[in-house]
Amino acid sequence: MNTIIGTYECKVDAKGRVLLPAPLKKQLATSLQDGFVLKRSLFQPCLELYPMEEWNLMMQKINKLNRFVKKNNDFIRKFTAGVKVVEIDTLGRLLVPKDLVNFASIAKDVVFSSAVNIVEIWDKDLYEQSIDDGVDFADLAEEVMGNINDDNDGIS
């Protein structure tokens, strides 16, 4: 798993193309050949850009679900709804398909935000709202990460 780092702002053109910022493109360089999967986020009004290697790992997990269980089938259908295979063109642009532009309410300004091994793609205004949502981050961090120290490395 490659960890992706950073938050980057850029513009989307009328055709839905976004020029990847150079530092992000450099981090994704090993994935450029294989391509990417772009999908709707489950929990937020944004898109998720998976390097193909990460997508394949996710699909291996999902493929273990028993398809004779209705909830599993429903989950798979919804998880893969709107999924697109995308590439970065020779100029370093990502073409975001129109249906995904509409889903994420992308207007003019876009934020690429790293999320460990994938990149979230947000409309800038919606991204700012999600960051300033009134949730106390210290409380959230304690609740989510407070009891994790399974490597005994002194890092919580």
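Because the model is predicted, local features need pLDDT of at least 70 and side-chain atom pairs count only at pLDDT 80 or more, while totals for chains, interfaces and linings use all residues. Residues are numbered from 1 along each chain as its sequence is written, and side-chain values use heavy atoms, with hydrogens and water left out.

The protein chain has six helices and eight strands. Helices (H or I, at least four residues) and strands (E, at least two) are DSSP runs, numbered from the N terminus. In order from the N terminus, the elements are β-β-α-β-β-α-α-β-β-α-β-β-α-α. Along the principal axes, the C-alpha atoms fill a box of roughly 45 × 40 × 30 Å. Of the 156 residues in the protein chain, 34% are buried. Here buried means under 20% relative accessible area, exposed means over 50%, and partly exposed is in between (1.4 Å probe, protein chains only). A contact means heavy atoms within 4.5 Å. Among contacts with a separation of 6 or more, 55% are between residues 24 or more positions apart.

Helix H3 (residues 70–79) can be read in the same way. Asn72, Ile76 and Phe79 are its buried residues. Down the axis of H3 they fall within an arc of 70 degrees, so they too line one face of the helix. Lys70, Lys71, Arg77 and Lys78 are exposed on the other side of H3. The packing partners of the buried residues of H3 are strand E3 (36–40), strand E4 (47–51) and helix H2 (52–62). Leu65 is in the loop between H2 and H3. Its relative accessibility is 29%, so Leu65 counts as partly exposed. Leaving aside neighbours within four places in sequence, Leu65 is in contact with Asn72, Phe75 and Ile76.

Next come the nonpolar cores. A nonpolar core is a set of buried Ala, Val, Leu, Ile, Met, Phe, Trp, Tyr and Cys residues joined through side-chain atoms within 4.5 Å. The largest one has 24 residues, and Leu94, Phe112 and Ile121 have the most contacts inside it. Two or more residues of this core come from each of strand E1 (7–11), E3, E4, helix H4 (98–103), strand E7 (109–115) and strand E8 (118–123). Apart from this core lies another, of eight residues, including Val37, Tyr50, Met52 and Ile118.

Charged residues need a separate look. Side chains of opposite charge can pair when their charged atoms come close. A salt bridge is a side-chain nitrogen of Lys or Arg within 4 Å of a carboxyl oxygen of Asp or Glu, and the count by this rule is eight. In one of them, the side chains of Glu9 and Lys124 meet at 3.2 Å, N to O. This pair links distant parts of the chain, since Glu9 is in strand E1 and Lys124 in helix H5 (residues 124–131), 115 residues apart. Glu48 and Lys39 form a salt bridge at 3.6 Å, N to O. Glu48 counts as buried at 11% relative accessibility, and Lys39 is buried with a relative accessible area of 0%. Asp99 and Lys84 also form a salt bridge, with their closest N and O atoms 2.9 Å apart. Asp99 lies in helix H4 and Lys84 in strand E5, so the pair ties together parts that are 15 residues apart in sequence.

What is the case of Asp123, which is buried? Asp123, in strand E8, has no salt bridge, and the nearest side chain of opposite charge, Lys124, is 9.6 Å away. (Lys and Arg count as positive and Asp and Glu as negative; His and the chain ends are not counted.) A polar atom of the Asp123 side chain does lie 3.1 Å from the backbone nitrogen of Ala107.

Key: The arc is that of the directions from the helix axis to the C-beta atoms. A polar contact is a pair of N or O atoms within 3.5 Å; within protein, one must be able to donate a hydrogen and the other to accept it, and residues adjacent in sequence count only if both atoms are side-chain atoms.
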